[in-house]
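Hi there,

Here is the structure I promised to pass on to you. Please open it alongside this email and follow along.

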Amino acid sequence: MADYDYDLVVIGTGPAGEAAAINAAKLGRKVAVVEMREQVGGGCAHKGTIPSKALRHSVKQIVEFNTNPLFRVIGEPKNFSFPQVLKTASEVIAKQVMLRTQFYARNRVDVFFGFARFVDRNNIEILGNETNENLRFDQAVIATGSSPYEPSDIDFSHERICTSDTVLNLKHTPRTLIIYGAGVIGCEYASIFAGLDVKVDLVDNRANLLEFLDVEISDSLSYHLRNNGVRIRHNETYKSVSANDTSVTIEMESGKRLCADMLLFCNGRSGNTKGVGLENLGIGTNSRGQLEIDQRYQTTVDGIYAAGDVVGWPSLASAAYDQGRSAASDLLGLPGVRFVDDVPTGIYTIPEISSLGKTEEQLTAEKVPYEVGQAFFKDLARAQISGEVVGMLKILFNRDTYEILGIHCFGDRASEIIHIGQAIMNQKGDANTIEYFVNNTFNFPTMAEAYRVAAQLGINRARQITN
């Protein structure tokens, strides 16, 4: 067994692990990372964000081609299989792996492949490789990510039952599909498969889709999913799941029975902490295998930090980068540590969604005097030119002070558009004002112009009420 000494060992090479390792290495620490897969990148690159968003982009292109009259000149609508669109995702994954491998090499971070397990407070053993290395360390960051939650009463080894991880191994396109769980992942895959002309039943155990969203945005998503052939079933919970050689059947607590070619189970995720040896450190987890941390990303053991999906909310790649970087900054004793608790939501359905700040429902409950400014994409020249006329931008602001309180966007490039408003909303004091958007000139035609249109409408409404 080979022994190595490091200032910091990071378990996991997803966004959180990468950010922590690179930050520490750039500041002169001797750093090692351990990855249980055969390549770096973590679940983000291999099973989550990158493949699902690459899939979504390919399907969106197919939908645009098949619905654009301009392309009818060169042929009839085209049908693509799920494995065909997966090829694009594979190409992107390979590029991401190569790029991130270069990051570690450039910053002289040692990369070990195998399963990391804590032996004690200062030692990690790497299992599953030929040499069984032991890494001695002063500090550690646990960034092992998460995996789809798999209840024990469902046979996930059956070829007709899959999760958001195993669906990427699908070798055919099902004719019918049940997606159990209408969270972010479930809604995204409902859009993807509906775009491939798969008949989808989306089962939601709540009364509305993505209830954390502004109701108007949630309603818009529901409408467009249904318009694309998705059957949404609210307030449903499964009683039993059975599968045979030809189909999958779900019995609901309500007495309903659903049958389809395949089941995609997307009902939450669990932290990847099983077998990591946390018991040897005296660190516990919650029922979903997630770790408890303080405001500086330190666990209950001094010098042992955690970041990314393994700590739970918000479980976003964007937040994980900031969490990992902040964890490394704190363990190095540097200023500027930020606990990530205010991040924009990016949901890559078709059309996509992004939001930041308060919703109308929250402001109403808090009795905040607010007004609304809206811009509909169908009225924007850039949207008319691109043909992406579905969607809107919605700005919520204080009726008296004009302070921006919330931004909600639904439509093409929503996850990009949101950041313009985020930059102003996060300014201090009087600099956070909706008037910024009417006092500055926007390029024309652009989608960013939606801010000017929405702001002008909202301010006019506020003035009418005040006067």
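Below are some notes on a pocket, a helix and a loop residue.

This is a predicted model, where local features need pLDDT of at least 70 and side-chain atom pairs count only at pLDDT 80 or more, while totals for chains, interfaces and linings use all residues. Residues are numbered from 1 along each chain as its sequence is written, and side-chain values use heavy atoms, with hydrogens and water left out.

Helix 3 (49-67) gives the most to the lining, with six residues; helix 5 (184-195) and helix 6 (215-227) each supply at least two. (Helices are DSSP runs of H or I, at least four residues, numbered from the N terminus.)

**Helix 5.** Among the buried ones are C187, Y189 and F193.

**N286.** Where does N286 sit? N286 is in the loop between strand 16 (269-271) and strand 17 (304-306); strands are DSSP runs of E, at least two residues. A polar atom of the N286 side chain lies 2.9 Å from the backbone nitrogen of R288. From N286 to E416 the C-alpha atoms are 34 Å apart in space, and the two residues are 130 residues apart in sequence.

Enjoy exploring!

Key
Polar contact = N/O pair within 3.5 Å; in protein donor to acceptor, adjacent residues only side chain to side chain. Buried < 20%, exposed > 50% of the residue type's maximum accessible area, 1.4 Å probe, protein only.
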